[in-house]
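Please go through the helix packing and the chain contact of this model, and set each term against its definition.

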Amino acid sequence: MDILILDRWLHFLSGIVWIGLLYYFNFVQAPAMTAAAADKEGPGPAAISKYIAPLALLWFRWAALVTWLTGAYYLHAAGAYSLGGAFALGIGQNNVALTTIGMGAWLGTIMLFNVWVLIWPNQKKVLGIVAASDEEKAKAKRIAFLASRTNTLLSIPLLLFMGAAAHGLPF
Amino acid sequence: MNPLDSITGTIIAGVVLAFILAYVIKLIAGA
């Protein structure tokens, strides 16, 4: 049994859950909530806020943590990499694969921070899981939105570098 | 205007950032 390959498999699985839900939030839920709020004749966004968003956020934030942990373990345990070397971006080692995976690791770490420190605490206010005034909710909504959009932006180079570490950059 | 306010702006910014960081990687790694 190769634990490292199982770890990498779990890294891919949890990463797809995380980024899949990130894209759902950005490409589907946020525009749909805006449209539902603007549609005065329609059912409104309340059901999405009450039933869908909390469940999606549950899978989203825990998948993010599992993705980071399995990725960190892989960098630690895989012979081709090292955790410290990756986060030092392989500087001075002339190892393009290590620098590439290190850049991906930094992007993923920033994204994990955004999930747990910016998105989740602010979404709790937006969704009414914790008490907040209307003003606090408006501010929390903007912060969570920008953090979520930032993660969508960062996921684009992240995915390039995660694949490129083993398979090469496009130029 | 913040590119993050639109999906198109976010994707374009992400692609541009990917190319910039890829060049940075090549510079760091001396490749």
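Q: Which residues of helix 2 of chain A meet helix 4 of chain A?
A: Leu57(A), Arg61(A), Ala64(A), Leu65(A), Trp68(A), Gly71(A) and Leu75(A) of helix 2 of chain A meet residues of helix 4 of chain A, among them Ile101(A), Leu112(A) and Trp120(A), where a contact requires C-beta atoms, placed from the backbone, within 7 Å. The model is predicted, with local features needing pLDDT of at least 70 and side-chain atom pairs 80 or more, while totals for chains, interfaces and linings use all residues. Residues are numbered from 1 along each chain as its sequence is written, and chains are lettered from A and ligands numbered from 1 in the order in which they are written.

Q: Why is helix 2 of chain A called roughly antiparallel to helix 4 of chain A?
A: Their axes lie 10 Å apart at an angle of about 155 degrees, and angles over 145 degrees count as roughly antiparallel, so helix 2 of chain A is roughly antiparallel to helix 4 of chain A.

Q: What makes helix 1 of chain A and helix 5 of chain A oblique to each other?
A: Their axes come within 10 Å and cross at roughly 125 degrees; under 35 degrees would be roughly parallel, and 65 to 115 roughly perpendicular, with the rest oblique, and therefore these two helices are oblique to each other.

Q: How many residues of chain B are in contact with chain A?
A: In chain B, 16 residues are in contact with 20 residues of chain A, and the side of chain B that touches chain A has 13 nonpolar, 3 polar and no charged residues.

Conventions:
Two residues are in contact if their C-beta atoms, placed from the backbone, lie within 7 Å. Ala, Val, Leu, Ile, Met, Phe, Trp, Tyr, Cys and Pro count as nonpolar, Asp, Glu, Lys and Arg as charged, and the others, Gly among them, as polar. Axes are lines fitted to C-alpha atoms, for helices over the stretch in contact, and angles run from 0 to 180 degrees between N-to-C directions. Helices (H or I, at least four residues) and strands (E, at least two) are DSSP runs, numbered from the N terminus.
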